[in-house]
Amino acid sequence: MSMSQLFAIFGNPVSHSKSPLMHNLSFKNLDIDACYGRYLLKDGKKLKETFFDLGLKGVNITVPHKEDAFNACDVLDPFAQKIGVVNTIVEKEGKLYGYNTDAPGFLKAISEFKEVKTVLFLGAGGTAQSTSSILRDEGYDVTLLNRSEERLKKYARDGFKTYTFENFTPKVYDLVINMTSAGLEDESLPAPKEILDAVIPEAYACIDVIYGKETPFLKLARNYGKPTKDGSDMLLYQGIIAFEHFTNYTYTFDEIKPIMKKAFML
Ligand code: NDP
């Protein structure tokens, strides 16, 4: 008797995650004998042990375990190796293979904005880390603006232009992107309004990585008449790329997309 393959998302918290719906819909519609659950992982150091105890074939990893996931892998793809952050693991012959699909998902999500060269990131947390790296690899000029200095130090060491609200002088940026959690569970803007009032009117478009709501940042951008985009496509695309890894590239991105997208309509 063949066993169905088990997948899961590890995180803390994890109850809000859309990933089980996205992946189970895709398994079902593609007739794959597999199931995807959610697991509240409290101790990231136990990731590997938990993975094998649960008999999993693959996992996605969300906050706050993406660095522990990196450390748990036996084999890393070159981009994950470079940034030190893993959000997708697949077991192959007893070894854990690690990937980062957030960054290519984000890159694909912003690819509809053509002729973009300069990008201003509001925020310098974990999501900014992988996405700034892939954008730079693709030739974008990325500047980071963050509330406090501490998180910027690593980016400055890596050669990015970094500013706090205190020492920032607004310039023209093609895209302004909210990479913070400001607006996720509150109504705050990711930067002082004077700064946003200076950079948004000059931008071609404004993007938020938060999904499922119009944040105060996107509302402000819309009021300036700018094209806006929330984080839904980023979430969808990182899921599709993870699914490609889970199924060993049996299906193409464009085959998976319309199926997984249904999870956003339920
Ligand atoms: P982190 O905790 O790693 O970083 C948070 C960042 O937000 C820091 O730069 C922090 O600044 C800043 N920040 C938080 N609150 C405020 C505020 N009120 N005003 C200004 N700056 C603030 O978070 P992540 O990088 O993990 O997540 C960032 C966002 O990305 C979240 O909203 C998350 O939901 C979203 N996300 C979306 C995904 C998608 O698929 N669409 C995937 C992953 C994440 P400081 O350094 O000063 O504390």
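I note here that the model is predicted.

The accessible surface of the protein comes to about 12900 Å². Carbon and sulfur atoms account for 50% of that area.

Then I turned to the make-up of the fold. I find eleven helices and twelve strands in the protein. For the extents, I have the C-alpha trace spanning about 65 × 35 × 35 Å along its principal axes.

I also checked contacts between residues at least 6 apart in sequence. Of these, 60% join residues at least 24 apart.

My next entry is on a sheet. Six strands make up an open sheet, and I read their order as S9-S8-S7-S10-S11-S12, with parallel pairing. Which strands are at the edges? I find S9 (161-164) and S12 (228-229) there, each pairing on one side only.

Strand S10, residues 175-178, pairs with strand S11, residues 205-208, in the parallel sense over four bridges. For Asn178, I find that the bridge partner in S11 is Asp208.

Last, I asked what packs on the sheet: helix H9 (residues 216-223) does, and it touches strands S7 (118-122), S10, S11 and S12. I put the angle between the directions of H9 and S11 at about 165°.

Definitions and conventions:
Residues numbered from 1 in each chain as written. Predicted model: local features only at pLDDT ≥ 70, side-chain atom pairs only at ≥ 80, totals over all residues. Heavy atoms only, no water. Pairing = 2+ DSSP bridges. Helix = DSSP H or I, 4+ residues; strand = E, 2+ residues; numbered from the N terminus. Contact = heavy atoms within 4.5 Å. Axes fitted to C-alpha atoms, helices over the stretch in contact; angles between N-to-C directions. Areas by Shrake-Rupley, 256 points an atom, 1.4 Å probe, with all protein chains shown as cover.
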